[in-house]
Amino acid sequence: MDYEIENEDGVKVVHLNGPVDVSQAMQLREVLGEHIDGPGARVLVDLSGVPLIDSSGIGVMVTAHRRAAGAGASFALAGADATVARVFSLTRTDKLLNLYPEVEDGVEALRAA
Amino acid sequence: MATTIHDTYEMPTDIVAIDAARRWAEAHARRAAVDDAAIADLQLAMTEALSNVIRHSYEGRPGEQVQLLLDIDESRLALGIRDRGLPFDAERYRPPDLDQPADGGYGVFLIEELMDEVSRRPLDDGGGTLVELVRYRKERP
């Protein structure tokens, strides 16, 4: 997995590319933690380049969501394909996390947050 | 006639090596014309199982080897994972509370959700465990 961060209208969009698994989880946790850095921070993870997410990756997203909630920041995910969306659904973490079909939807929602 | 596959693969006890193991299994499955959903399910289940073997059975100890055995025929994909580490402690396992989203604890749950059959049996020849993951080649409902 590699990543690239873009600023879109005040929203930090973290584009992930490649599998998000146990070998990447620690690095990703640190990256998201750095950007969810206080009240007003808006971070969107773009999953459209992610073919697989495992339980460690799901755990990173749950941690980031809670960190954002605790810091008064906003955090969301977008662009998951059916395979990746199914993992959020099976674990029912889709009930906690803010998931949007497309990156544009996520950016718009976070801008309004 | 449908392609049948039987192959073995050795990998080190390093979580970074899981990606290459996934690609090995995927290449065989594609050669046997397995559908995308079954390949995705096997790849995630094997990721969770290998992660557990490396982190728990071997307690993160590097320098050991794990053997994978892949069998694909017209009806199913079967992946065996043979390790020489500590056995899975079924008595200590607690399934996740799906009403309380957590930052971990979903690995075994996902394996069982994604696979049609999961078995674990101790190896007689020198200790260790053979985990077998089976996914039938049917359409996902």
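In strand β3 of chain B, B:L79 is the bridge partner of B:L70, and this pair belongs to the antiparallel pairing of β2 (residues 65-72) with β3 (residues 76-83) of chain B, which extends over six bridges. The model in which this pairing is found is a predicted one. Both strands are part of an open sheet of chain B, in which five strands are arranged in the order β1-β2-β3-β5-β4 and the pairing is antiparallel. The edges of the sheet are formed by β1 (5-12) and β4 (117-122) of chain B, each of which pairs on one side only. On average, and with direction ignored, neighbouring strands of this sheet are turned by 15° against each other. Helix α1 (18-31) of chain B lies across β1, β2 and β3 of chain B, and its direction makes an angle of about 170° with that of β1(B).

The packing of two further helices of chain B was also examined. Two packed helices are described by the angle between their axes and the distance between the axes. For α2(B) and α3(B), the latter spanning residues 107-114, the angle is about 145° and the axes are 9 Å apart; the crossing of α2(B) past α3(B) is left-handed. On the side of α2(B), the contact is made by B:D41, B:L44, B:A45, B:E48, B:A49, B:S51 and B:N52, which meet B:G107, B:L110, B:I111 and B:L114 of α3(B). The residues of this contact comprise six nonpolar, three polar and two charged ones.

Chain A contains four helices and five strands, and from the N terminus on its elements follow the order β-β-α-β-α-β-α-β-α. The C-alpha atoms of the chain fill a box of roughly 30 × 25 × 25 Å along the principal axes, and 47% of the 113 residues are buried. Of the contacts in chain A between residues at least 6 apart in sequence, 72% join residues that are at least 24 apart.

The five strands of the open sheet in chain A are ordered β1-β2-β3-β4-β5, and their pairing is mixed. Because β1 and β5 of chain A stand at the edges with a single partner strand each, one side of each is left without a neighbour in the sheet. The antiparallel strands β1 (residues 2-8) and β2 (residues 11-17) of chain A are joined by seven bridges, and within β2(A) the residue opposite A:Y3 is A:L16. These two strands, β1(A) and β2(A), form a hairpin with two residues between them, and A:D9 in the turn has a positive phi of about 55°. By contrast, β2(A) pairs with β3(A) in the parallel sense, over five bridges, with A:K12 standing opposite A:V43 in β3(A).

Two helices of chain A lie across strands of this chain. Helix α1 (residues 25-35) lies across β1, β2 and β3 of chain A and runs at about 170° to β2(A), whereas α2(A) lies across β3 and β4 (74-78) of chain A, at about 150° to β4(A). In helix α3 (residues 82-90) of chain A, the residues A:V84, A:R86, A:V87 and A:F88 are buried. Within chain A, the buried residues of α3(A) pack against β3 (42-49), α2 (55-71) and β5 (99-100), and they also pack against α2 (36-57) of chain B. After α3(A) comes A:R92, which has a positive phi near 60°.

The contact of the two chains takes 19 residues from chain B and 19 residues from chain A. On the side of chain B that touches chain A, two or more residues are given by each of the elements α1, α2 and α3 of chain B, and the largest share, six residues, comes from α2(B). The residues on this side of chain B divide into 10 nonpolar, five polar and four charged.

How values were computed:
Residues are numbered from 1 along each chain as its sequence is written. Chains are lettered from A and ligands numbered from 1 in the order in which they are written. This is a predicted model: local features need pLDDT of at least 70, side-chain atom pairs count only at pLDDT 80 or more; totals for chains, interfaces and linings use all residues. A residue is buried if 20 or more other C-beta atoms lie within 10 Å of its own, exposed if 12 or fewer, and partly exposed in between; C-beta atoms are placed from the backbone. Two residues are in contact if their C-beta atoms, placed from the backbone, lie within 7 Å. Axes are lines fitted to C-alpha atoms, for helices over the stretch in contact, and angles run from 0 to 180 degrees between N-to-C directions. A crossing is left-handed if the near helix is turned anticlockwise from the far one by less than a right angle, and right-handed if clockwise. Ala, Val, Leu, Ile, Met, Phe, Trp, Tyr, Cys and Pro count as nonpolar, Asp, Glu, Lys and Arg as charged, and the others, Gly among them, as polar. Two strands pair if DSSP finds at least two bridges between them.
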